[in-house]
Amino acid sequence: MMGLDRDRLVELVQVVVRNPLRAFLSALGVGWGLFMIIITVGAARGLENGVKADMGNDVSNSMFAWTMSTSLPYKGYQRGRYVEMDIDDVRWIQANTQHLDLVCPEVQLGGYRGTNNVTRGKQSGAFDVHGAIAEYPQVKPMNITEGRFLNEGDLAGERKVCVIGSRVKDILFEMGEEPLGETVQIQGVIFRVVGVYTPKGNDEDAQNEAESIYIPFSTFSKAFNTRGRVGWLSMLIRDGVDAEEAEEATKQLIKARLSIHPDDPRAIGAWSMAEEFQKAELLFSGMRLISLLFGSLALLAGVIGITNIMLISIKERTKELGIRRSLGATPVRILQQIIGETLFLTLLAGLCGLVLGVGLLEAVDGFIEDGVDAGVFRHPEIDFGTIMTVLCILLGMSIFAGVLPALRALAIKPVEALRSEG
Amino acid sequence: MLALRGIEKSYPLAGGSLPVLKGIDLNIVQGEMVAIMGSSGSGKSTLLNVLGLLDGFDSGGYDLDGVDMAGLSEKQAARYRSQFLGFVFQSFNLISFKTALENVALPLFYQKVPRRERQKRAMEMLGKMGMDDRADHLPSELSGGQKQRVAIARALITSPRVILADEPTGALDSTTSSEVMEVLREVNASGITVIIVTHEADIAAQCDRTIRLHDGVIIEDGKSGEVVEPTARGARSQD
Ligand SMILES: Nc1ncnc2c1ncn2[C@@H]1O[C@H](COP(=O)(O)OP(=O)(O)OP(=O)(O)O)[C@@H](O)[C@H]1O
Ligand SMILES: [Mg+2]
């Protein structure tokens, strides 16, 4: 539509330079609008990055299931039966599932935060004691800082060995003391420490994790006389299998094995990371959309401001436009000029807002990188695609902003324009 | 070149309409230098605007270079203005934030002439007007006579066939006026039709032909020497 001629640019610059204060004021609204978009979208992204970083400690295809009491009678059983799962059930599930790669039985000692259950000499503490299998870290990743995690030999041999969390080590051992090979007493039973781990992440979950102890499932069963009872299952969904589908199928499998009515809504509980991810993803795309929407409204207000200024400017420059038409300017050329001026002003303002907004985001990002605590807020950013979208919105709006003033300019007949003062 | 047949035009007013041109018949041939005189409000500017395609008319016919101008679109009118016509105004109508050179080059910009050539031709034209040393001046930095020279340069830059001037000397003192008239006579000598609206008898006297308007009709039309005297008297008596 507009060949880019140097004189056209000169014309545009002249418009701005001739009335710099007005240009600045009209530009302010649009600049502010764009600034707001960048900041809100960037902040939403920062929140998303923070939350995702925390979630990143969890394996995205992990799933958990546990038993509760039934709510429907089935096969001669009354409703309200408390269902239990044991290690044989787990083996059967492992053998019969088509949706899972890994099924880890897990069992925990006592209730939460009970009395001190673990001692070493004079030190003691209340820790969560888990019975687990060697593959467990695949579902719940951890950093082994000393020694190793439980292995097949520990399980097969029902060895009295344990892997302790870093907090457990801090509480039971002196500073600088080497825990590997030392023993601790768990409810009176002596276990040898073979490894120390730190949990991944630094949220509340991770704090609890650091105060946990892992012992072989087989040993747990025997030492604490739980007869193979399983507290819950930690599983990995097979690649490419839909999380929701895997969850439902696994529930049905467990129900079939434990004689639970297939329609019983309560007996089996399950939770999968992927679904959680999906929910979060939905939330964040909602947030992105809202910030884009509100930013666009701010931008629209700015653009309306520019339309206003252009209308005033047209009124003041009626004479000039009349002169131009007497010199042979066709209506199209006038249209191009007015829309061009609007576009120039809007884009200039928009770019300023853009640069400032991105600059601020970068600065905040820099502060956070430098270790300023920002809670879950992490690495605020705006991607190129979003910037492009915003610029397209801006472009569309500025053409829109120019149309009304341009039509107004064309509605004035050349004679009238020439007759006007100015 | 220009032919008006029974042109009528009225302006809408609150309580009806005000007839301004009441049947104008006029023929102007290529190369003529014509003065339009008449008392204030007689319709001179209106007539010139109709001739210049800046304004329309209610009835009658207008042929420019043999082409009927009735019912012209804005775009077509702009084309004819650009190709055939150049305007000179009493108040110069230079664009205030553009230099003399930029003002003179502007019509070429609308003819889509390349920038380099625009600049070259505008500079040449300013040279012909003796204004090349003021090329970079803004209108506010020029005297009235200089402004009008720049305006004439701008009107001539597209090599128009007709120059339409509405009281080109109206804002100038007598010495400057005669200089500007000298320029316009040279323009006419190069074969361009010049039509000047004026109040001043001595300006009209420098034209070949004088037309006298009264209340929207042509009451006299003849060689300048013959028309000027009574008109000058008439104009004076009315001032
Ligand atoms: N836009 C308009 N609306 C209404 N009436 C108008 C308009 N323009 C001009 N007129 C009227 O038309 C008549 C002729 O105006 P015009 O400008 O042609 O006069 P003129 O001969 O050029 O006068 P002057 O010598 O004062 O310039 C005047 O009575 C004027 O009031
Ligand atoms: Mg007039």
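For this tour, Ala, Val, Leu, Ile, Met, Phe, Trp, Tyr, Cys and Pro count as nonpolar, Asp, Glu, Lys and Arg as charged, and the others, Gly among them, as polar. With those classes in hand, note that the model on your screen is predicted, and then begin at the ligand.

**Stop 1: ligand 1**

Select ligand 1, which lies between chains A and B, and display the 14 residues around it, among which Ser40(B), Gly41(B), Lys44(B), Ser45(B) and Thr46(B) come nearest. If you colour this shell by class, you will find three nonpolar, eight polar and three charged residues.

**Stop 2: polar side chains at the ligand**

Next, show the side chains of chain B that reach the oxygen atoms of ligand 1, taking Thr46(B) to begin with, where an N or O atom of the side chain is 2.5 Å from an oxygen atom of the ligand. Ser45(B) places a polar side-chain atom 2.7 Å from an oxygen atom of ligand 1, while for His199(B) the distance between a side-chain N or O atom and a ligand oxygen is 3.3 Å. Taken on its own, ligand 1 has 630 Å² of accessible area, and the protein covers 66% of that.

Now switch to a cartoon view and pick out strand 2 (16–28) and helix 1 (44–51) of chain B, the elements that give two or more residues to the shell around ligand 1. Helix 1 of chain B provides the largest share of that shell, namely three residues.

**Stop 3: the interface of chains A and B**

About 2,500 Å² is buried between chain A and chain B, with 56% of it on carbon and sulfur atoms. On the side of chain A, select Leu327(A), Arg333(A) and Val415(A), which lose the most area to chain B and together account for 24% of what that side buries.

**Stop 4: the face of chain A**

How values were computed: Residues are numbered from 1 along each chain as its sequence is written. Chains are lettered from A and ligands numbered from 1 in the order in which they are written. This is a predicted model: local features need pLDDT of at least 70, side-chain atom pairs count only at pLDDT 80 or more; totals for chains, interfaces and linings use all residues. Side-chain values use heavy atoms; hydrogens and water are left out. A residue is near a molecule or strand if one of its heavy atoms lies within 4 Å of it. A polar contact is a pair of N or O atoms within 3.5 Å; within protein, one must be able to donate a hydrogen and the other to accept it, and residues adjacent in sequence count only if both atoms are side-chain atoms. Accessible areas come from the Shrake-Rupley method with a 1.4 Å probe; for residues, only the protein chains shown count as cover. Helices (H or I, at least four residues) and strands (E, at least two) are DSSP runs, numbered from the N terminus. Buried area is the accessible area (1.4 Å probe) that two parts lose on being put together, summed over both.
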